Amino acid sequence: MFSKRIESLSESMTIAITSLARELRASGKDVLSFSAGEPDFDTPKAIKEAAIKAMEEGFTKYTAVEGIPELLEAISDKLKRDNNLTYSKKQIIVSNGAKQSLFNLFQALIDKGDEVIIPSPYWVTYPELVKYSEGVPVFVDTTEESGFKITPEQLKKAITPKTKMLILTTPSNPTGAVYLKEELEALAEVLKGTDIYVASDEMYEKLTYEGEFVSTASISEDMYNRTITINGLSKSAAMTGWRFGYLAAPNEEIVKAMKKLQSQSTSNICSITQKAAIPGLDGTIDKDIEYMKEQFKKRRDEACDMFNSIGGLSVIKPAGAFYLFVNHSEIENDSLKFAKEFLEKEGVAVVPGIGFGKDGYFRFSFATDIETIREGINRIKRFVQNY
């Protein structure tokens, strides 16, 4: 009955767990959810005011598929100011979240049998979209010893004549790993002389706690020419429901191909969201972002200390994003079983590591208030002590 494409897809485990937690809570069960990748902060006032103004001025019609000129200019200016990257408006396209940016990109570039290197642990959506595009995900397992980052040696070994793309995520979902400049330079050396694209997902760029964030495309001219940068405002500006993501590519033909696909699927993103996104990009809400970042960092530090004090559990302090990737392999390596029992016995929802390609771990989001975090970890501690 169904197409082979749709049957190849799995439901997002993060969304599935979050939905289950909501259902249990609605039925009266006391459930604390740490599964969603969604800031608990409200969208900054300046963004909401820009949206209200757009509505009051009647900016509610269709726009150009790729985005309105002033928004594309704001993205271009942001990339130059923050990342030292130069893109014209023709090299940028906005979509309904970074997820659509990735979908359009994979559909535009990946042919049947093309291999895409995906370091593991990975964001749950990457391999599913590659498979939907008839590509072949090639997983490269990273470890705590490497900080959950792919090494040049691993990358070199994974490359074959069929390799079309490497996906990098910095900061990472689910581990919070951030690639240092020298690490990106070492990966760039391996890629020299190849035709391999790099899809650099930088959604958590503004939530980097240790050191300075370095954009993949800024490493060298060679990396700039092969890298497609994906970003958005869902995490840094607490705009998850607004659905705003963008992509920048030096090759205008890639953007044209994506525009062609988007014109036949969703067309432009919400016109009001486009106006609202501008103050999220031009520096207007920098103080709001800094405040959220400070709060996330405090939560991270306390949550890490709490988890590392529980026998059988351990976690590496993440350098970015708002997740802890907690190792429970000493107690139980089956992460799906472990997470289900958390939920059933203690009413705590986390995402099992197997969903990210790494059993023996679970992802814990600290994008919620500290009191809830403390209560959740105490419940997990009680569960572990009685396991």
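Met239 sits in the loop that runs between strand E7 (227-232) and strand E8 (245-248), and in this predicted model its relative accessibility is 1%, so Met239 counts as buried. When its neighbours within four places in sequence are set aside, Met239 is in contact with Thr43, Ile47, Leu233 and Ser234. Thr175 lies 64 residues from Met239 along the chain, and the C-alpha atoms of the two are separated by 22 Å.

Arg300 belongs to helix H12 (residues 286-308) and counts as buried because its relative accessibility is 1%. Apart from neighbours within four places in sequence, Arg300 is in contact with Tyr209, Glu210, Lys317, Pro318, Ala319, Leu324 and Phe366. Lys149, for its part, is found in the loop between strand E4 (136-141) and helix H7 (152-158); at 11% relative accessibility it falls under the 20% limit, and Lys149 therefore counts as buried. Its contacts, again leaving aside neighbours within four places in sequence, are Thr142, Gln154, Ala177, Val178, Tyr179, Leu180 and Glu183.

Turning to the helices, H5 (residues 97-109) has 13 residues and reaches 19 Å from its first C-alpha to its last, which is close to the 18 Å expected at 1.5 Å a residue. The buried residues of H5 are Gly97, Ala98, Gln100, Ser101, Leu102, Asn104, Leu105, Phe106 and Leu109.

Two packed helices are described by the angle between their axes and the distance between the axes. The axes of helix H13 (residues 335-346) and helix H14 (residues 370-385) come within 10 Å and cross at roughly 110°, so H13 is roughly perpendicular to H14. On the H13 side the contact is made by Phe338, Glu341, Phe342, Lys345 and Glu346, which meet Arg379, Ile380, Arg382, Phe383 and Val384 in H14. By class, this contact of H13 with H14 has 5 nonpolar and 5 charged residues, with no polar ones.

The backbone also deserves attention at several places. Most residues other than glycine have a negative phi, and most peptide bonds are trans.

| Site | Backbone feature | Value |
|---|---|---|
| Ser120 to Pro121 | cis peptide bond | omega about 10° |
| Thr170 to Pro171 | cis peptide bond | omega near -10° |
| Glu134 | positive phi, not a glycine | phi about 70° |
| Ser267 | positive phi, not a glycine | phi near 60° |

Pro121 lies between strand E3 (115-120) and helix H6 (125-132), while Pro171 is in the loop between strand E5 (163-169) and helix H8 (181-191). Glu134 is in the loop between H6 and E4 and, with a relative accessible area of 42%, is partly exposed. Ser267 has its place in the loop between helix H10 (252-263) and helix H11 (271-281), and with a relative accessible area of 21% Ser267 is likewise partly exposed.

Finally, the cysteines. A disulfide is a covalent bond between the sulfur atoms of two cysteines. With a pair of cysteine sulfur atoms required to be within 2.5 Å, the count in this model comes to 0 disulfides.

Conventions:
Residues are numbered from 1 along each chain as its sequence is written. This is a predicted model: local features need pLDDT of at least 70, side-chain atom pairs count only at pLDDT 80 or more; totals for chains, interfaces and linings use all residues. Side-chain values use heavy atoms; hydrogens and water are left out. Axes are lines fitted to C-alpha atoms, for helices over the stretch in contact, and angles run from 0 to 180 degrees between N-to-C directions. Helices (H or I, at least four residues) and strands (E, at least two) are DSSP runs, numbered from the N terminus. Angles under 35 degrees count as roughly parallel, over 145 as roughly antiparallel, 65 to 115 as roughly perpendicular and the rest as oblique. Contact means heavy atoms within 4.5 Å. Ala, Val, Leu, Ile, Met, Phe, Trp, Tyr, Cys and Pro count as nonpolar, Asp, Glu, Lys and Arg as charged, and the others, Gly among them, as polar. The expected span of a helix is 1.5 Å times one less than its number of residues. Buried means under 20% relative accessible area, exposed over 50%, partly exposed in between (1.4 Å probe, protein chains only).
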